[in-house]
Amino acid sequence: MNSKAQKMELNDGHSIPVLGFGTYATEEHLKKKSMDSTKVAIDVGFRHIDCSHFYQNEEEVGQAIRSKIEDGTVKREDIFYTSKLWSTSHRPELVRPSLESSLRKLNLDYVDLYLIHFPVSLKAMEKCKDAGLAKSIGVSNFNRRQLEMILNKPGLKYKPVCNQVECHLYLNQSKLLDYCKMNDIILVAYGALGTQRYKTCVNEDTPVLLDDPVLCAIARKYKRTPALIALRYQLQRGIVVLAKSFNEERIRENMQAFDFQLASDDMKILDGLNRNFRYFPADMFNAHPSFPFFDEY
C-alpha cells in the first residue's frame, strides 16, 4: 500500500497520516536545518508535519511547506500540519492570537491540528476550530485523569481528536492507549526512538533505546534497523508515530516502516521491554497547577 495513503480517521471526521515528521530542534544550527530536512521529508513521502510555537522554527518549516507547494510536489490539502499552543498562552484571550501568530510565521491559512501542549481549558481552542483556523483540536501530555476531566466537562463542544504523549518501547503507555481507544481518541507518540539525548531533558547515563539488545536482535531477524522496528511496533498498535531526524538518509529510511510487518510473537517480546521509563520528565513545569502531568497513566 502507498504509505501516503495510510491514515487514521479522527473522531471529528478528518483523518491523520499515521507516520509524522517531527521538527523539534534544541540547537540553533539545527533550527536552521529545519527547512531543508522538512523539504526532504515531504520529498520522500511524509505528509504529516509536527511543529510547535515552542520549537521556534515554524517560519523555516512553513517555508519548506510553501516551497514544496510552489514546486508542485504537494497541494496544501495533502499536508497535515500540527501546531501546539505553548503554556504561556493558555489564557483564553491569548489562544487565538497565538494561533494567528503561528499562521503568519508559517504563511498558512489554517493548521490541520492544534494541540494544547499541557493541560488547560479547551474552550478557546474550540473557538479556533469554529473560526476555521484549526481543522481539528487535541491535547498533548494528558494523563487519564486529565482526559476524564475534559471529557466529563459540561458543554464540551468538541472531544479532543488525539493525545500526543511520550511513547516508546521503554514507556509503551498500554493503559493510556486502551483508555484513548475506548474514547475514540488517537494516541500520537513522540520520542518513539528514545531520545537524541538532549542535555536539557536527559542524563548522560540514561539507557539508549536503539542499543537495546532485544530490539537489536529483532532488527537483525527482520534485516531492518532498530529504529524501523521501533516505529513499526507503534504503527501496529494503532498509534500515530512521529519520527524526527535531520539526516537525509534516515528520513528516507523511516518511510520504510510501511514495507514490512512484525509477527505477533515479536510484538509480545517488544511489549516486554516496557519499564515505564521517561526520557522527558517535564519537571521544568513543576510550578504548573496541573503538575505532575504523569502521576498516573
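Which residue in S4 is the bridge partner of glycine 20? The partner is histidine 48, and the report below sets this pair in its surroundings.

## About the model

This is a predicted model, in which local features need pLDDT of at least 70 and side-chain atom pairs count only at pLDDT 80 or more, while totals for chains, interfaces and linings use all residues. Residues are numbered from 1 along each chain as its sequence is written, and side-chain values use heavy atoms, with hydrogens and water left out.

## The barrel

Let's start with the strands. Eight of them close into a barrel with parallel pairing, in the order S3-S4-S5-S6-S7-S8-S9-S10. From one strand to the next, the twist averages 30°. Strands (E, at least two residues) and helices (H or I, at least four) are DSSP runs numbered from the N terminus, and two strands pair if DSSP finds at least two bridges between them.

Buried here means under 20% relative accessible area, exposed over 50%, and partly exposed in between (1.4 Å probe, protein chains only).

S3 pairs in the parallel sense with strand S10 (residues 240-244) over four bridges, and glycine 20 stands opposite leucine 242 there. With strand S4 (residues 48-50), S3 pairs in the parallel sense over three bridges; glycine 22 faces aspartate 50 in that strand.

## Helices on the sheet

Helix H2 (residues 58-70) has 13 residues and reaches 18 Å from its first C-alpha to its last, close to the 18 Å expected at 1.5 Å a residue. That expected span is 1.5 Å times one less than the number of residues. In H2, Glu58, Val61, Gly62, Ala64, Ile65, Lys68 and Ile69 are buried. These buried residues fall within an arc of 155° seen down the axis of H2, so they line one face of the helix; the arc is taken from the directions from the helix axis to the C-beta atoms.

H2 lies across S4 and strand S5 (80-85), running at about 165° to S5. Helix H4 (residues 123-130) packs on the sheet and touches S5, strand S6 (111-116) and S7, its direction making about 155° with that of S7. Contact means heavy atoms within 4.5 Å; axes are lines fitted to C-alpha atoms, for helices over the stretch in contact, and angles run from 0 to 180 degrees between N-to-C directions.
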